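Dear colleague,

I am handing over the structure we spoke of, with the sequence alongside it. Below it you will find my notes on what was found.

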Amino acid sequence: EIAMAGLTAAPCHQVAAPRIAEAPCAMECRVEQIIDYPRRAIILARVVQMFVQDRCLDAKGRYVDPSTYQPIARLHADNYIASDRQFVLEDDPEWR
């Protein structure tokens, strides 16, 4: 799929699979658990390495700035989703 899309594969540091060099952000993940259901599965993974272009970060270089980077995600088959709406869930001390 990478070559077919005209993109470049780049090596990862922690996992064997390649990442896309042109991607503004990329996460290397290791599968922690697979929960199987009929005709589908939920895959839970741990992020072990991240690559983020500086242009995607806030002024302090600490967080991804949603005004400059709006990722897409693959859901299943040929279905994707875009993140075009952000909200803040305030931390409540009673939740701890």
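**Charges, fold and one hairpin**

The protein chain carries 11 positive and 14 negative side chains, and the centres of these two sets lie 3 Å apart. Please keep in mind throughout that this is a predicted model.

As for secondary structure, the protein chain has 0 helices and 6 strands, so that, read along the sequence, the pattern is β-β-β-β-β-β. The pairing I would point you to is that of strand β3, residues 25-37, with strand β4, residues 40-52, which run antiparallel to each other over 12 bridges. Within this pair, E28 of the chain stands opposite Q49 in β4. The two strands β3 and β4 form a hairpin with 2 residues between them, and R39, which lies in the turn, has a positive phi of about 65 degrees.

Turning to overall dimensions, the radius of gyration of the protein chain is 16 Å, whereas a compact globule of 96 residues would have a value near 12 Å. The C-alpha trace spans about 45 × 40 × 25 Å along its principal axes.

Conventions
Residues are numbered from 1 along each chain as its sequence is written. This is a predicted model: local features need pLDDT of at least 70, side-chain atom pairs count only at pLDDT 80 or more; totals for chains, interfaces and linings use all residues. Side-chain values use heavy atoms; hydrogens and water are left out. Helices (H or I, at least four residues) and strands (E, at least two) are DSSP runs, numbered from the N terminus. The radius of gyration is taken over C-alpha atoms; the globule rule is 2.2 Å times the number of residues to the power 0.38. Lys and Arg count as positive and Asp and Glu as negative; His and the chain ends are not counted. The place of a charge is taken as NZ of Lys, CZ of Arg, CG of Asp or CD of Glu. Two strands pair if DSSP finds at least two bridges between them.
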